[in-house]
Amino acid sequence: MNILRGKGLHIILMMNIIILVSGCHKNSLSNETKEEPMNIKEQAQDLLAQMTLEEKIGQMTQVDRRYLQNEEDIKTCFIGSLLSGGGSRPASNTPAAWADMYDRYQSIALKTRLHIPLIYGIDAVHGHNNVAGAVIFPHNIGLGATGSSALVEQAARITAEEVAGTGINWTFAPCVAVPQNERWGRTYEGFSESPDLTSTLGAAAVRGFQGKSLSDGGSILACAKHFAGDGGTANGKDQGDTQLDEAAFRQIHLAPYISAIDAGVGSVMASYSSWNGQKMHGHRYALTTILKGELGFEGFVVSDWKGIDQLAADYYEAVVQAVNAGIDMVMVPENYKQFIENLTRAVNTGRVPQERIDDAVLRILKVKYALGLFNHPYADRKLTASIGSASHREVARECVRQSLVLLKNENSILPLSKTVAKIVVAGKNADDLGNQCGGWTIEWQGQSGAITSGTTILQAIKNAVSPSASVIHSADGSNAAGADIAVAVIGETPYAEFQGDRDDLSLTSEDMAVIRNLKNADVPVVTILISGRPLIINEALDLSDAFIAAWLPGSEGSGVSDVLFGDYDFTGRLPHSWPRGMEQIPVNAGDPGYDPLFPFGYGLSYQ
């Protein structure tokens, strides 16, 4: 309950008039001394009882750091959370600069009347992927191919430690979408088409991020996303409509959230998508009745980037709908003063009950206490030094080894010999770290080229062979004559949400030309496909002597060469059914007349 209520309604109204005029209010009141409560909930309740309405609404507001009009707004607007969206970073993209930036923002937040620390969020979805020099793990589709909850948990733990090393305490991960249509540009963010595998690996990721206790060093808050049904939209349309009856919706798309909640996930992000025509950001039945009520989720729900804006043309109405539906923290992320003004007005006019505000803020405060932010608000510089370390990269390399799926190995051409006289390595993805990492790497959509630290597949092959072997790079495969073996590294270039949607998943003419050039040179061809989803590969498969689905392996290309040359066996299995052609998409295990090119779970090995 707001303690100002007992002092008269006119006080509340006067304070909120100030907010509506200025957007933010400078509160110079001193902090009250209080006895330390027994547990996290009591601590949060005690703090909530001291808060004004503007302090509460500030806690519900999340701003992208690049859109702060003035850094002092963190204090004067009582901002509860900042984030770095894709590409939102300090001028110097180094771990130390990130930690310095975080500490500066946190120091401002701690100057507020009640000294409530910020919670800072970032899309660390395959490693701390916004930070140059951090280790980049395979995207979730590759981790899904490993089928290993232990490995997923270990990768998430290393990601958490690297994120914590920059001070940041919250990742918008894991994505527990269950992609049902490969046209969707976010397919690679999900582990699998299978709800069961997604549930298992999603829970493992939560355990890795959050550790045994959120307050432990190296633990960060996880966020299961996007609630719910984002992987099931009609025609794989990003932010589209998932048209399913409730029984099917629960079976496919809700199942991973039950596992994530059982694993203790502390936050959930709402989906841009709709369920049978109703936007999830305004879906009270889904967010409140099911998620918070039936499933017993006790953390807080955050909106996606400007997600509430899609609810209504009138922004005020959008704010009212979202908060009443069950959104606790709003990723604004730009016009934060407008959001604060509108939510304040909505509470004062009774459109949003005070009880809804108090519930949202209590959920946020409990997480902040659980993270230990009140006692340890700043970056742990001991962790900063380990970002991108050799030991972390070795785990990522193991993830790559276990993610590779062997689809064809005619005449047992694999494994390759390290002493072969001449190898030609061709294709646009052979020596391109950015293509190898995919979207959500340094930039939101990703970027081709040497965008961070790591080892390309070409370099990995060069490192693996004996000194007597000759490794020739040919971008188009045109100079392969006389080689003993050719490796074509082809496939997709980086993309992320929205821009990654495709109506045609055929290989490009450029990629096909590489394979044909190699084949015309009468050289055995091993094709390595870099992609965020199954593509249409029929002709390429026929022309190749061996074919490997390598997904988006990340920064450690040596994991590919380790298996290519037989130091390790292929153990990866398809986390998605592989379609014969576009006309067969969507194709998922259990469909009537199921007959894909390769079934879910397929994968060859050397043994």
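**Entry 1: cavities.** I searched the whole structure and found five cavities of 30 Å³ or more. On a 1 Å grid over the protein atoms alone, a cavity is a set of points where a 1.4 Å probe fits but cannot get out, and lining residues have an atom within 4 Å of a point. A volume is the space filled by probe spheres set on the points, which are joined across faces, edges and corners.

The model is predicted: local features need pLDDT of at least 70 and side-chain atom pairs pLDDT 80 or more, while totals for chains, interfaces and linings use all residues. Residues are numbered from 1 along each chain as its sequence is written, and side-chain values use heavy atoms, without hydrogens and water.

**Entry 2: the largest cavity.** I noted about 160 Å³ of space in the largest cavity. Of its 19 lining residues, Val125, His126, Asn140, Leu143 and Phe209 are the closest to its centre. Helices H6 (140-146), H7 (149-164) and H8 (195-210) each give two or more residues to this lining; helices are DSSP runs (H or I, at least four residues), numbered from the N terminus. H7 supplies the largest share, four residues.

**Entry 3: the second largest cavity.** I recorded a volume of about 80 Å³ here. Among the residues that line this cavity are Glu55, Phe78, Arg113 and Ile116.

**Entry 4: a helix contact.** I looked up which residues of H9 meet H10: Glu246, Arg250, Leu254 and Ile261 meet Tyr285, Ile290, Leu291 and Glu294, where contact means heavy atoms within 4.5 Å.

Note on methods:
On a 1 Å grid over the protein atoms alone, a cavity is a set of points where a 1.4 Å probe fits but cannot get out, and a pocket is an open set with protein on both sides within 12 Å along at least five of seven lines; lining residues have an atom within 4 Å of a point.
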